[in-house]
Amino acid sequence: MRQALDLQETQEKASAGALSREEAAAVLALPDERLPELLDAAYALRLAHKGRLVDIQILTNAKSGGCGQDCAYCAQGKDSRTGIATYALAGPETFLDNARLGQETGVSRHCIALSGLYFDDAGIAAFCRRVEQIRQEADTPICCSIGFLTRPQAERLKKAGVDRINHNLNTGRNFYPRICSTHSYDERVRNIRMLKDTGFEICSGGIAGLGEEREDLADMFLALQDLSPKSVPVNFFLPVPGTPLAARDLRELTPEYCLKVLCLARFILPGADLRCAAGREVYLKDVHPQLFRVADSIFASGYLTVGGDSLQETIRQIREAGFLYRLAQPAGSGGPKNRKKDTAAGNRA
Ligand code: SF4
């Protein structure tokens with residue numbers, strides 16, 4: 001008879017970087033009856049590293065569609081026929097509206113995403129001008145979700161005021177060629193290393209539900225452990241009609257399985273900002289409040305090409321689950337020059 005998984009030992013090995021892919025995958029295969037035990041172990045780590053505070057991030061889709069890559073999950077790729085809005089660079093008002101919203105409500109980060117993998121210097125310069133404009137209005141830290149950059153482009157972005165870059169691994173190395181053929185997993189890893197070297201904080205995570213095996217997700221989290229990102233977004237795949245994976249059977253994404261994925265991430269990356277990203281509104285159902293026992297970060301106001309819970313609704317969910325959201329600044333209380341930066345610290349458990 002196979003021995004029951006020892007969660008204490010698993011968690012200690014994970015934190016020490018000594019977990020094998022099989023042991024990591026075994027966490028995802030735990031029977032649902034052991035979920036409370038798993039959640040307790042993940043919660044202890046969450047409390048030790050993050051207290052009870054939840055960070056909220058908002059997203060601006062700055063450049064939409066028109067990408068020449070074939071990532072099978074993505075509504076913006078070359079093989080997708082989705083009818084989503086396509087534009088080269090959103091106008092200043094789109095950036096400023098979200099920047100002001102973030103400033104007034106005290107969100108922890110404004111994430112700005114650009115479709116595509118390659119950018120010319122003129123495109124990066126135009127984007128940097130938008131970033132500089134919003135830095136005049138808001139001091140919310142800016143993360144940029146962007147493709148492969150040259151080092152001078154990365155340095156230009158840093159100078160404009162971006163301090164963190166999101167570039168996901170998306171899945172495990174072995175499974176990667178099944179979801180994308182136009183660039184490689186190794187190119188992604190190289191890009192992340194270069195960005196880290198340039199001085200950016202790294203945000204990198206992935207997507208559960210693309211058809212991967214449990215071992216593939218284990219591989220992804222273990223690879224992330226090597227890259228030590230500051231922030232790890234975990235998405236649960238939301239199929240968009242017209243994309244190559246639109247018809248995928250997603251019955252594996254039960255609420256319990258989604259929580260196990262988050263727990264595994266917390267075990268392997270205990271000190272990271274762990275973000276429960278796209279899909280929480282769809283898959284977690286009755287266990288949604290439990291996500292805060294594992295994740296300490298969340299998106300509000302929707303995702304790149306699909307909607308999500310509003311900011312006010314997300315704040316309500318956090319409070320109702322017994323967790324803390326940083327106090328919002330009263331509207332009109334000031335811009336970057338007089339915003340109190342320690343508002344959240346006063347609220348931290
Ligand atoms: S994930 Fe990024 S690189 Fe891949 S198709 Fe979508 S926009 Fe292009």
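Is Ala44 buried, partly exposed or exposed, and how many other C-beta atoms lie within 10 Å? Ala44 is partly exposed, because 14 other C-beta atoms lie within 10 Å. A residue is buried with 20 or more other C-beta atoms within 10 Å of its own, exposed with 12 or fewer, and partly exposed in between, the C-beta atoms being placed from the backbone.

Some ground rules come next. This is a predicted model: local features need pLDDT of at least 70, side-chain atom pairs count only at pLDDT 80 or more, and totals for chains, interfaces and linings use all residues. Residues are numbered from 1 along each chain as its sequence is written.

1. Helix α3. Ala44 is found in this helix. Helices (H or I, at least four residues) and strands (E, at least two) are DSSP runs, numbered from the N terminus. Pro36 is exposed, with 10 other C-beta atoms within 10 Å. Pro36 and Gln290 are 254 residues apart in sequence but 10.0 Å apart in space, C-alpha to C-alpha. For Ala44 and Arg293, the separation is 249 residues in sequence and 8.6 Å in space, again C-alpha to C-alpha.

2. The largest nonpolar core. It holds 97 residues, and Phe221, Leu262, Cys263, Ala265 and Ile268 touch the most other members. Helix α10 (residues 255-268) supplies the largest share, ten residues. Such a core is a set of buried Ala, Val, Leu, Ile, Met, Phe, Trp, Tyr and Cys residues joined through C-beta atoms within 7 Å. Leaving out residues up to four places away in sequence, Ala265 touches Phe221, Val232, Val234 and Leu274. Contact here means that the two C-beta atoms, placed from the backbone, lie within 7 Å.

3. Strand β7. Six of the six residues of β7 (residues 231-236) are buried, so the strand is largely enclosed by the rest of the structure. Ser231, Pro233 and Asn235 point one way, while Val232, Val234 and Phe236 point the other way. In a regular strand the side chains alternate between the two faces of the sheet. β7 pairs with β6 (residues 206-208) in the parallel sense, over three bridges. Pairing requires that DSSP find at least two bridges between the strands. Ala208 stands opposite Phe236.

4. Helix α6. Which residues of α6 (residues 151-160) are buried? They are Gln153, Ala154, Leu157 and Ala160. Seen down the helix axis, they fall within an arc of 120°, so they line one face of α6 (the arc is that of the directions from the axis to the C-beta atoms). Their cover includes α5 (121-137), β3 (142-145), β4 (162-166) and α8 (185-197). On the other side, Arg151, Pro152 and Lys159 are exposed. Gly161 follows α6, with a positive phi near 120°.

5. The ligand shell. The ligand is surrounded by Cys67, Gln69, Cys71, Cys74, Gln76, Gly77, Ser115, Gly116, Leu117 and Gly147. Each has its C-beta atom, placed from the backbone, within 6 Å of the ligand. By class, the shell has four nonpolar, six polar and no charged residues. Ala, Val, Leu, Ile, Met, Phe, Trp, Tyr, Cys and Pro count as nonpolar, Asp, Glu, Lys and Arg as charged, and the others, Gly among them, as polar.

6. Ser228 has a positive phi of about 35°. Ser228 lies in the loop between α9 (214-227) and β7. Lys285 has a positive phi near 45°. Lys285 sits in the loop between α11 (280-283) and β9 (297-299).
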